[in-house]
Amino acid sequence: MLPDNVLTWIKTPYDFPQNNLTIEEIDKKIDSIILSQRNKPVEEIQTPINLKKLKYYTYYDFKQFGIIGDNSHFTDKDSAYYIDAGGQRQIFQYDNVFILSTFHAFEDELNVYATIRAFLILKNKYPFIYENLIQKTEKSPLQNSSLKKDIPNFGFLNINRYYVISIHENESKKSNATTTCYNLGYKQPLNNYWTCENNAHLIFINKNTIRNGGTYNNSNTIYNIADKKEAQIKYLFDGLIQTIVHERIHNYIANNMSLNSYLNYIRNDNSLIIGNNGDASTYTFIEEPIVTNTVNKLFQKYGGLSQEIMSYYTDLFNNTQLPNCRSYTKYDALKQKLKQLSEKVSENDERTIMTIDF
Ligand SMILES: [Zn+2]
């Protein structure tokens, strides 16, 4: 049950009375509100959210939450641990997006609102991205395959049904990354090639990362804004979409690697670790630069993100990730293999073979 005033303090010039409309009518209106602003930069787009859809839970044991198939399918214990480790949660649900936060304060509600807004903008401003990274991944890539009769629990195979976005101070425990993602749900390796997993995509976002404008414990790197609140708002209304798309691509790889030799190669070949001077903390799988580069290319093509976000991630790829790859002793062999597997063999620029084609 949604308490009074949750999120309703967030006002936009496009607000309209929702009480007498159906959920579908409200959705339609919100879609048209965003569509009418689709040529604006992302950070300027203003939209109400569908308050009739918003659900709120003050507490639950995530393992008991019925979203992830039935409980017998919740077999990824590590993920369950991470979710439970933070204890009590504020949980918001908007369609198949669940947003978890620790407290119930202005800041948390703003994070929740901005996450919902990001999904709405993806849907209406970036239909190509939405179709490929949201809609298609909610259906099995094997849907029309004759294999399906032979695969147990076909309904869970390589499908993403839910998004669980956990925004918490201690979430990013593994690395300096903006987010980390784990796969929840039914997980059963069928053999070395096929896996059943991913019916929920869990994205951890460190709250401090948001406060710092998008980089872990390192203020001002993206936006060069000294004021924390300003940096937070700038990230939430601009950079967060980039973050979600980035993590969705990692999940897309997980969902499709059984069917795509390029994706299978970049995810599964452990020889593809790029590192500096044996320092494990700098190790990155080749997947990471490929995801960064793919996101960059998508937003270069479709526009809308701020110059700061675009140049931060373009620089990251060009000046850190690509040189790291080039310094890798087996880089030539790696490039050769990528070229062989990539559709874009005719183009010689290595950036083109480090891109995922949807
Ligand atoms: Zn990543």
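Tyr56 stands opposite Phe92 of strand E2. Let's start from that pair. A word on the model: it is predicted, so local features need pLDDT of at least 70, side-chain atom pairs count only at pLDDT 80 or more, and totals for chains, interfaces and linings use all residues. Residues are numbered from 1 along each chain as its sequence is written.

First, the strands. Strands (E, at least two residues) and helices (H or I, at least four) are DSSP runs, numbered from the N terminus. E1 covers residues 55–57, and pairs with E2 in the antiparallel sense over 3 bridges. Pairing here means that DSSP finds at least two bridges between two strands. E2 also pairs with E3, residues 97–101, again antiparallel, over 5 bridges. Gln90 has Ser101 of E3 as its bridge partner. E2 and E3 make a hairpin with 2 residues between them. In that turn, Asp95 has a positive phi of about 55°.

How many residues of E2 are buried? It's 4 of 5, in residues 90–94. Buried means 20 or more other C-beta atoms lie within 10 Å of the residue's own, with C-beta atoms placed from the backbone.

Now helix H9, residues 307–326. Its 20 residues should span 28 Å at 1.5 Å a residue, and the end C-alpha atoms are 27 Å apart, which agrees. The expected span is 1.5 Å times one less than the number of residues. Ile309, Tyr313, Phe317, Gln321 and Cys325 are the buried residues of H9. An α-helix has 3.6 residues a turn, so residues three or four places apart point the same way.

Last, helix H8, residues 287–302. Just after H8, Gly303 takes a positive phi of about 70°.

Terms used:
Buried ≥ 20, exposed ≤ 12 C-beta atoms within 10 Å, placed from the backbone.
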